Each structure stands twice: as C-alpha cells, then as structure tokens.
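I opened this notebook to record what I looked up in the structure. The entries follow in the order I made them.

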Amino acid sequence: MKLNKLIENLRNKEVFNYKDVDITGISYNSKTTKKGDIFVCLKGENADGHKFVKSAVESGAAAVFAEYKLDIDIPQIIVESTRHSIADLAAEFWGYPSKKLNLIGVTGTNGKTTVTHLIQRIVEEAHKKCALIGTLGYKTSSSDTYHEAKHTTPQAPELQHTLSLICENKIDYVAMEVSSHALEQNRVGGCEYRGAVFTNLTQDHLDYHITMHNYFEAKALLFKNLKAGTFAVINNDDEYSQKFIDIIPKGVKIYTYGIKNKSDIMASDIDFSIHGAKFNCKIFGEDRKVELLMNGMFSVYNALAALAAGIAAGIEPDVCISALEKTKSVDGRFEIVNKEPLVIVDYAHTPDGLQNVLKAARELTPEKSSLVCMFGCGGDRDATKRPKMGKIADELADVVVVTSDNPRTEDPQLIISDILAGIKSINTHRVFVEPDRRTAIAMLKNIAKKSDVVVLAGKGHENYQILKDRTIHFDDREEARKVFGL
C-alpha cells in the first residue's frame, strides 16, 4: 500500500520528509521491524518507541509514525497519540475487515471467554461460520486449534490482521472478547460491531484504571460506539446495568437477561448437580427447558448472555438452546479434573469470580464433607482485591490453602500477607499457607477426603507461572492429576 493511501483519512496529522513510499507492514517493535514497514513509536509502561526509531530505520523502516518530529530523513507522520491512532492505521492497512464481518464484542469482568465460546457454538449450530478471538488466542471454528495471542484483545495491527485472515476464510461471524485495557487504549479502534454483550462489572484491574468509575468508562466505550441497527445485550442483574443502558445510542436494539430482575430472557427453577445445571428459561414470555453440561450460577448467566446474543443476531431460540446444551465447559473454567475428591480448576482471579466459583462448588459439596479452596493472587496487579479474596475464601470454604499465583516481580510472601489480612482467624486446622504452588497442590492429598470438593482457583487454563526472573511451565490441571493419581 502506498503511504498516501494509508494516511489520507488520518485527522490532525503533520507530515515531514514526505515521499509516497510503499508500505508493506506495520511494526511497533524495532527488533522485529522489516524492510518496508511503517514503524509506530508507541509509549508503553516500560519503554518509549521514539527512542528506538534509529534501530527501526536501520532494519528497513520506510516511514515513521510518531508523536513529535525526529532526527531522521525518511517520511514522518506526526499525530497527537500514536497509541490511539495506530488502530486507524491498522484498519486502513488491512482494509477495514470488520465491515465485512458480523463482529460481536463481549466485555465484562468475568465470563467473557465462556460467552464468546457459547456464541461461537450457537452460530455454528445455525450452520454459519464463526471465528473466536480472546484470552486463549484465536481460532477460526470451534474445532480449530488455538493460535496464540499475547493479550485478551490483541494490539491493533495483530487484531486487524487476524480479522482480515478471518475474512479470507469466508467466515461470517466473529465472537471477540473485548478487555477494558483494549478499549481504553483504543486497540479495537477501527472495528465496527454487529452487537455488544455486557456480562458484569466487579473489581479488577484497579492497578490500571484506579477507580471503578474509570473501569466502567472504559467498558462503556464498546457500547457508546455502537451504530443504529446493531444490538446490545445487558445483564439486568448487574448493579451497572442501567448505566450501560443509559449510554447506548438511539437506534441500537437492547436485549436484557437476568435471574433476579425482570428481563427479556430469564432463568428460574435452577437446579445444580455434578452433571450440570437445569433451569426454566422464559424468552420474551415463552417458556423453554434448558439442561446445561456446565455448572454454577455464573454458567447460567453466561448461557443467558450467549442466548440473548444469538437471538439478537437472528438465530431461532431452539437452535441457540440446542447449542448451549451440547457445550461442555471451557478449558480452565469450572473444569473437573478428578472425581474423588471432586477437584475443580477455575480461572477465578477476582473477588466476584472467586465468590461465584465457591458458591457453585458448595452446591456440589455433600453434607458433612468439606469445601477446600486453594488460591493465590497475582503480583504487580491490583493489591486491594487480595484481602477481599481472603475474606471470601474464609467465609465460603471450610478449608483454605493460600499459595502463589503469578507473583511476577513481587515477593510471594508479601502477596500472601495481603491475602491473610482478610482472613478473620488464622486457624492452623483450616488455614494453610504454602508459597510454592506445586507443593500446595501436593498438600491437598492429605487435606481433602474422598467426599470433599476441592477448588484450585486463579490460573485455570494457564500452563505457565510468571516468577520474578523467569516464566516456568505450570498447569494446575496437570499437577492435580499427578497428585490424585490420574
């Protein structure tokens, strides 16, 4: 693509050393810049791309996208914020692929991964193709293997490239997790959505957003940018539901779902067992029976969200329900890895997430048996949620094992101290502390009886652990199977 074509629609830009060169790619890492790339100078938490521009030029960059004029002799395009403008650049370079797709964005603190997977299954049940982009990577169908992604929502060039590949595969729909970081940083700029789904909003990422108001404002961007003729799906039981409804533009069709508050799509008479959840579903006043292979109240909410999205996209309710009833839990989401004791691995890493998982596990815990919870909290992340999670585990579980999650650069012992601050009484018969996660899982062999239920929370699908100086292979599911002999 010629530089002139790439930048012609960019607003408020200055151009220096102009020459209509050929641009063959977009790069924001000088180490991976190739000949013909336009190098984007991004300012990150730990580095400023403007400082690496000479290295990028030496690697063959044909032009530079920056926030101020630099001492180089190739074309320079200067904008106020490269972080926000890179999305427009990427969308233009890849031909605005989202305009050719039915893109459904899913945002919220918890449930994004499961809801996107359920939407994918619903669309496929309707004999249409649906790709998925999210925490686990991206895949072009439910039977495809995951292609790795660095973030829940990729950086704009990778995202637009992925969407263009999906277009090339003649796929009609995409279900995409949209994180608050991606919205605030405009990684999803240039995307046009057929619909958006809100799951819930509870404390997380306050190390980045600082306040819940800022966190809400970031999530709200997905809905504020919807166009007339699209749809919005809202969890009517969430305390932020009305705030989201209030900012949705005119002409956007709103669908609500819930269990407690009157909604378009509602679940009642909910029953849980080791096999899953059964409930009555009222869809705009009409009753349907639903039998999920997934468990827990949060799974019912996730199913309702996906069902509402499917109906909003024009898919018949019976087709949506058929897909939901065939779908097993997503990897690392209330995943049962052992039967005696019942060992459940879950990604819950927020106060609300841990509370939901423990309540669901309690439903499966026999009388006179114990619910055992093992968890830790990530380092270099919101520290205020640690004592809250300690309090939740203390109140909802019979036995608590506090360990490490991904400590990153923090001292694991200090993270654990933050968690223990929320536990009412450090009773040595029911509260155990073991910083080494592998050892902590091994301890469960002696702590849990065959009739007990054990929840390993925090890491879910992750097969690594991030330590101060390295990242190691670590998978809760593998470790649990070793300990319990599977």
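Which residues touch the most other members of the largest nonpolar core? I found I119, V197, I265, L304 and L307, out of 43 residues in that core. A nonpolar core here is a set of buried Ala, Val, Leu, Ile, Met, Phe, Trp, Tyr and Cys residues joined through side-chain atoms within 4.5 Å. Buried means under 20% relative accessible area, with a 1.4 Å probe and protein chains only.

I noted the basis of the values: this is a predicted model, where local features need pLDDT of at least 70 and side-chain atom pairs count only at pLDDT 80 or more, while totals for chains, interfaces and linings use all residues. Residues are numbered from 1 along each chain as its sequence is written, and side-chain values use heavy atoms, leaving out hydrogens and water.

I then looked up V197. Leaving aside residues up to four places away in sequence, V197 touches I104, G105, V106, T107, V115, I119, F223, V233, A305 and A309 (contact means heavy atoms within 4.5 Å). I also found a second, separate core of 32 residues, with L163, V178, A196 and A232 among them.

Next I traced the sheet. Two strands pair if DSSP finds at least two bridges between them.

Last, I checked one pair. Strands β11 (residues 231-235) and β12 (residues 253-258) run parallel and are joined by 5 bridges. F231 stands opposite K253 in β12.

Terms used
Helices (H or I, at least four residues) and strands (E, at least two) are DSSP runs, numbered from the N terminus. Buried means under 20% relative accessible area, exposed over 50%, partly exposed in between (1.4 Å probe, protein chains only).
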